[in-house]
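Welcome! Take a moment to look over the sequence and the model, and then we will walk through how the pieces meet.

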4 protein chains.
Amino acid sequence: MISQIRTHSDNYDLVKIRREEIARKSVEVFMKNGYEETSVRDIAKACGMSIGQLYHYIGSREDVLYLTLQYTNSRIVDFVQNISVKFDTVAPTKALQQAIDVYYRGVDSIQDIVIFMYRHTNNLRPAARKQVYKYNEPLVGVFEKILSRGCETGEFSIEDIGLIAHNIVTSGDMWALRRWFLNKRYTVDQYMESQTALFMKQISTNNSKIK
Amino acid sequence: MISQIRTHSDNYDLVKIRREEIARKSVEVFMKNGYEETSVRDIAKACGMSIGQLYHYIGSREDVLYLTLQYTNSRIVDFVQNISVKFDTVAPTKALQQAIDVYYRGVDSIQDIVIFMYRHTNNLRPAARKQVYKYNEPLVGVFEKILSRGCETGEFSIEDIGLIAHNIVTSGDMWALRRWFLNKRYTVDQYMESQTALFMKQISTNNSKIK
Amino acid sequence: MISQIRTHSDNYDLVKIRREEIARKSVEVFMKNGYEETSVRDIAKACGMSIGQLYHYIGSREDVLYLTLQYTNSRIVDFVQNISVKFDTVAPTKALQQAIDVYYRGVDSIQDIVIFMYRHTNNLRPAARKQVYKYNEPLVGVFEKILSRGCETGEFSIEDIGLIAHNIVTSGDMWALRRWFLNKRYTVDQYMESQTALFMKQISTNNSKIK
Amino acid sequence: MISQIRTHSDNYDLVKIRREEIARKSVEVFMKNGYEETSVRDIAKACGMSIGQLYHYIGSREDVLYLTLQYTNSRIVDFVQNISVKFDTVAPTKALQQAIDVYYRGVDSIQDIVIFMYRHTNNLRPAARKQVYKYNEPLVGVFEKILSRGCETGEFSIEDIGLIAHNIVTSGDMWALRRWFLNKRYTVDQYMESQTALFMKQISTNNSKIK
DNA sequence: CATGAATGAGGTTTCATTCAT
DNA sequence: TATGAATGAAACCTCATTCAT
């Protein structure tokens, strides 16, 4: 959905292209300088546009924030979803481990972006905020799907699949949000393995536990 | 530790009192208007001080942020610690449940402050940021202590006490950080109970499980 | 006279047609949003033209103002003149009353345009301003003609016909310019009748007065 | 009344002084460059203030317009009122002539300001506009008072004193508003005398007329 | 000690006009 | 011929901080 943001152009395709360009480049400056510290002038420069051109495709500075958050959310979700499809034929336990692996390593490689998303989604006006949240939700879905499959095969026994999936995701996010704390004790691999092990304790059937 | 912040006053006690006042009042305005939207003038007014007087006790606007983060962290940690002392004589399982109860309900009642802390700690310059982190650490310690005791009594069986404690705390924080997601599915009580149950799966000895 | 305004087109007739269209549509937007608040983009949209096309018929934004002022002046003058012709065979006193009736009611029905004209004619560069003034002058002439005829028939006795005619017109304009004042005390009809009566006192011969 | 305009200062006296300063100086620039063409920077410079200082005493550029309109209105009304008091002991006919003389010459000497007032009062937001109108009203009252006195002494015979007074004022204003028309035909003295003579025809009792 | 007036750089946004397509 | 994307100067306004009183 492109709308909500004021444009001076009716050329839908061009707007779409430019906005993605803006999102992609803006994330970079925001990562480098921080959102609050980045002026519209900086944004325009980073996008290789004149200020006027920039304002053809957005209505306000906040719209750039929205575009970046939307963009990064989509990128992350797409990334995890795309990879997860491959796990559809893998045994649930294995699939789960691999999905966690993908997501946690992903978080590790874009720590700053994850932090950025947690910090600045609240800066958006309510309507935009909700949109961004919506873009994020499928992420939990990826894990729910695997967990469901595990329950069906009898590998997992779970009361509330949604909560576990949510915990898996947020534990991953925490690797970024609390790296000041976790960095001192773990590497990503250690963190990932430990957490995975803990999750397994919550979901494994006695069967698998005995093994 | 008071230092790091430049003062125009040598009266140590007065400075301390005033700074706590500033922190207390500033949190209120920040919650109401947001940090970025609150000007030094607003802060001074909220504190019932003149701008000049305010600048006797702080060196810059950021110092106010530091004071509030320090203050709120301390308040939270103190709160949980104070209550937890009472659990020292309670059986670890019970104590853990009660501590989670206290913390999660606490988070629920100051959701905005928790979000504020996660968002704005990064705004501080590194030195101050580390200080604030340090103020937060004892919180995990509260849970570590209970878990340790449980291991000693044989009620719990835990490989990495620190990680579990950390997970307990951050799961609580998530109630605030992702309320847009969790609110739709749970009440605070449901969330708390479900999470507690899940943690128990990770730490209970077979012994207690059988019960 | 079309000139003064730079064109990109040599098709004289087309230019004329388009400019009238521009004037007609622009008055509408100007009335709705005000001249200062209406951008060239808004004007183009209101005219159903692209910005580029608009600039084929005008040389600058101010030209649009000129066109609208010229257009509205002409419309008003034409309107009063057309109707006044019908009065040529009517007794001067009657004719005057009817002409006043027509003009004052006319002003009442386009109050905003009258105000607009008084306000914005000064925005034009001197040459254009003079043109617009010239377009307005025939209006006074309409009343001068009636007054002259009345002097000839002996119904009126006037020292300075031009001044009375001017006063009649400007009193009408004042119904728009000072409606904030006059609205509180009069309806158009009352205002019109009272002013007409006062003008009669200034121009009636003793003859007619006795009646 | 000072209020309505946002201040950053609570020092009532200082605000009053500065605002009068702003009004006085701003009228000058506005007369020189026009309101629309005068930037806030220009205003500040004309006032001998920094932009920041200017914004201590106003909330927006429009407030400066309000201040100037309020100021000039007050100046005009005060001027006419002050002079008119002297006429209280003069015979009404004489007093009226003198008051007209004072006002019309006044208008002549500040033509640009009168035009400015008619043009830009509409730029104000409604509340401010009404205030400015209110400041203008006593002007009509000055003439009403004289006319009333004339009716009491029997020199004048008037049906609607308010309307005549209003006409006297607006005829004076027209000397400024339509000087492009009137200049060609009259000097200010001629205009004044002719209009006065015409007003006398509307208000003189037969008595005085015979004389 | 206390005050709050003053600073002015720099923020975001608009918009008349041009010109490559 | 017609389009509307692009320009970028300049508009208004804010605000952390200082310092004379």
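How many residues does the contact take from chain A and from chain B? The contact takes 23 residues from chain A and 23 residues from chain B, where two residues are in contact if their C-beta atoms, placed from the backbone, lie within 7 Å. Keep in mind that this is a predicted model, in which local features need pLDDT of at least 70, side-chain atom pairs count only at pLDDT 80 or more, and totals for chains, interfaces and linings use all residues. Residues are numbered from 1 along each chain as its sequence is written, while chains are lettered from A and ligands numbered from 1 in the order in which they are written.

**Where chain A meets chain B**

- On the side of chain A that touches chain B, at least two residues each come from helix 6 (111-120), helix 9 (161-177), helix 10 (179-182) and helix 11 (188-203) of chain A; helices (H or I, at least four residues) are DSSP runs, numbered from the N terminus.
- Helix 9 of chain A gives the largest share of this side, with eight residues.
- Sorted by class, this side of chain A has nine nonpolar, eight polar and six charged residues. Here Ala, Val, Leu, Ile, Met, Phe, Trp, Tyr, Cys and Pro count as nonpolar, Asp, Glu, Lys and Arg as charged, and the others, Gly among them, as polar.

**Symmetry of the pairs**

- Chain C is superposed on chain D by a rotation of 180 degrees with 0.1 Å of shift along its axis (RMSD 0.1 Å).
- In chain C, Arg119(C) has the C-alpha nearest the axis, 2.4 Å from it.
- Chains C and D meet through the same surface, because 100% of the interface residues of chain C are also interface residues in chain D.

**Chains that stay apart**

- Chain A and chain D share no contact, and their closest C-alpha atoms lie 21 Å apart.
- Chain B and chain D do not touch either, with their nearest C-alpha atoms 9 Å apart.

**Around DNA strand E**

- DNA strand E is surrounded by 34 residues, and Ser39(A) and Gly52(B) are among the closest; a residue is near a strand if its C-beta atom, placed from the backbone, lies within 6 Å of it.
- The surface near DNA strand E has 11 nonpolar, 19 polar and four charged residues.

Terms used: Copies are superposed by least squares on the C-alpha atoms of residues with pLDDT of at least 70 in both.
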